[in-house]
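Have the structure open next to you as you read.

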Amino acid sequence: MKKVFAVALGILTAIGGFVDIGDLVTNAQVGARFGLSLGWVVILGVLGICVFAEMSGRVAAVSGRATFDIVRERLGPRMGMANLLASMAVTLLTFVAEIGGVALALQLVTSVSYVLLVPFVAFIVWLILWRARFSVMENVLGLFGLSLIVFAVALWQLGPDWGELLHRMAVVDKPGDEQWRTWAYYAVALFGAAMTPYEVFFFSSGGVEERWTAKDITTMRANVFIGFPLGGVLSLAIAGSTAVVFGPLDAGVDTLGQVGLPVAVALGKIGLAIALVGFVAATLGAACETGLSVGYSISQYHGWQWGKYVRPDVAARFHLVLALVTIVATCVLLTTVDPILVTEASVVFSAVALPLTYLPILIVANDEDYMGGHVNGRLANTLGTVYLGVIVAAAAAAIPLMVVTRMGS
Amino acid sequence: MTSDMTRQNRLTGTLDAVLHLLDRQVVDVHGRLVCKVDDLELVQTESGDLGVTALLSGPAALVPRLADGRLGRRLHDHWRRLGEPHLDHDDPYRIDLALVAHLGSGVELTVPREGVLVRQGQRGHRLNDLLQMTVQGPDGVPVGRVLDVRLEPRPQANGEVLWVTGLVIGRGRPGSYLGYDRRPDMGPWLVARIVRFLHRHSSYVALEHVQDLSWSGGVMRVDPGRMETLERA
Amino acid sequence: MSRRRLVVLAVVGLQTVVGCAPGTPDGDSWRIDAQRAVSDASSAVQSAELALNQSSEDRVFDRYLQTVVLDSEKALGAAGDHIAARQPPRSERERYDAVTGQIDAAADLVSAARIAVVDGETYRYDGLAKSLADAAEALQSLETDLEHPPE
């Protein structure tokens, strides 16, 4: 059983990257509108995040240095500050959205308006970040978040024409009534969502929290190569099940309630209950991940003591940042802004943060001062360089696409 | 907690100030995080030798580094005005080099972190002043900027000092070599090629061949005949 | 002007030019907006219908159903408000009436469904679902019609 928990960090990181509230709705929307024709983008994103999460995890294990420490060290304080501001915009907006997402999931359970639930959820999140042990947080939320596997079961149960489904994915067969530029916008958005910087901030800092050393590199790799593909599978399952149920209706998906309907169709109340557990756990997990990432980034830029592996009073500034950020998130959500719209807007800022995050990781993973004998091999370097190119291209395309397609409408 | 694979202490050999010291994490003797190295204290002797004597940290050290040239000076002025009533507002926190035990991926101290950051009054100059200078040829034509500073330890009676042996001059910003000047075959191959191509005009100048170092004017003069190609570490 | 500033300006300028949506003539712009509103309305109606049907087969919790229907009601209200506030060009007056009329009718239906759901009147679900199906069909044929410019 302990072995299962050993990969909880990877699973929780993947949950935040692939099935947080923004992805839950976007994947469902994409499935409903485009079928699985964007499936390969998810696969591309999974491979990309695996490459860089492995690198940042290896750096954290061997040298004890987490990602944002490295970003400032290699790029300097000016570029580091630019990255900090951009990635804060993404991570903070996502944190706001996740707390809203937990409230939305709880609304589906209680039918209490989500705005009323926000302060309660924010308090729970802050309590977890302040008091809960890191391992307890990742094990509980990671494992319960895996309940979303019920979407794969539902897809199976719906009995779609597998040949046709996979054919449309392989051939990138986009439904006729959608334009290629909208397709391209969602492709860039999905890719950006799969590789958001807070995933590597969280994963590498989590590795330090878990006190990884060079001996734990195999465990770290298990986390990466089990966690992220699982996240990708969950993504595809959600897209697939909404494609089967909403596709023929020619209907769009933009609320969490709609996302769960295919499971109800396929598996009834039991399946829906499991999906609801998955919604709450995944959004809560993503809230903890993004909240901690804000604290990690700001603390690692300034050199403050951070982390849950020390007593809160030893990392006082870190916990102060977390508390402030939770209060800000609550205030933003109490203005009744749509949490899902908040995540979609943050895609823009990913464009700046992505290249400035992954380039330093790639360089430092080659630096013998940090890595000793564990520098990148040729495979890691080749994949890393190729993906850096893809990331820069996606970053350049993000803003024009967003404007031209009016955010994918 | 830090599992440094390389226990080699960089302070025992030659090192680069920007690449190996600046913006590194400072860790205390118990492994707890202290601060970042925001700048370095530079002291000039009467004979013209330059030496790094202390690590500097805090907003007073970081703010001037956030922008170059005029914008940087304006930012620094704003910072000073924000703390006018405070006597030592513009005084950075200082950690003497004698307190540094080991330099690997981070800077490890010999003491616990309680009270280690002290404002001790401004002495000498800062590395950032050197990095902001324009490097001119003999006819006053700008040749480039200081990208990095080569240091060498020479233990002496009164405290640790890292002496400046020479400067890496080139176009671009300090630290933009990203470490490829020291290790040209550090991977990945494409990134290394691009960085080295962007820095193809860079060279190394020994400190004794630097003339007319003017702190107030922000210029130094270098004889192009004395510029050498960069050596590998 | 320093070279760096020029480069930054050029990049920003290029991105703005590339990113600017091509200008659409007035009639088309209303038509596209109307299409979007009708499509959103149709999605909302169909989601409510689907949820009601699932509830009749006891596959969905009551509170879940309530939230889905409420979301649909909100979406219909937003779509209706958005397109009603837009001034239609003269050639589109007739279709403007059709669009706002149908969306309003659908909104009334969904409100009725919401009332039934909150009050737990499960015997009305089937009838409401059927009416919603008809409304969705009408909206979808209106959407198809909106693909062409006005006669």
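Start with chain B, where buried residues make up 41% of the 233 residues. Keep in mind that this is a predicted model. So what is chain B built from? It has five helices and 16 strands.

Now for a quick check on its overall form. A compact globule with 233 residues would have a radius of gyration near 17 Å, and chain B has 18 Å, so the two agree.

Of the contacts in chain B with a separation of 6 or more, 63% are between residues 24 or more positions apart.

Here is chain B in brief:

| Property of chain B | Value |
|---|---|
| Buried share of the 233 residues | 41% |
| Radius of gyration | 18 Å |

Next, which chains touch each other? Two pairs of chains do, and the pair with the most contacts is A and B.

Chain C does meet chain A: 26 residues of chain C are in contact with 24 residues of chain A. On the chain C side, the elements giving two or more residues are helix 1 (3-19), helix 2 (26-56) and helix 3 (62-85). Helix 2 of chain C gives the most, with ten residues. By type, this side of chain C divides into nine nonpolar, eleven polar and six charged residues.

Key. Residues are numbered from 1 along each chain as its sequence is written. Chains are lettered from A and ligands numbered from 1 in the order in which they are written. This is a predicted model: local features need pLDDT of at least 70, side-chain atom pairs count only at pLDDT 80 or more; totals for chains, interfaces and linings use all residues. Two residues are in contact if their C-beta atoms, placed from the backbone, lie within 7 Å. Helices (H or I, at least four residues) and strands (E, at least two) are DSSP runs, numbered from the N terminus. The radius of gyration is taken over C-alpha atoms; the globule rule is 2.2 Å times the number of residues to the power 0.38. A residue is buried if 20 or more other C-beta atoms lie within 10 Å of its own, exposed if 12 or fewer, and partly exposed in between; C-beta atoms are placed from the backbone. Ala, Val, Leu, Ile, Met, Phe, Trp, Tyr, Cys and Pro count as nonpolar, Asp, Glu, Lys and Arg as charged, and the others, Gly among them, as polar.
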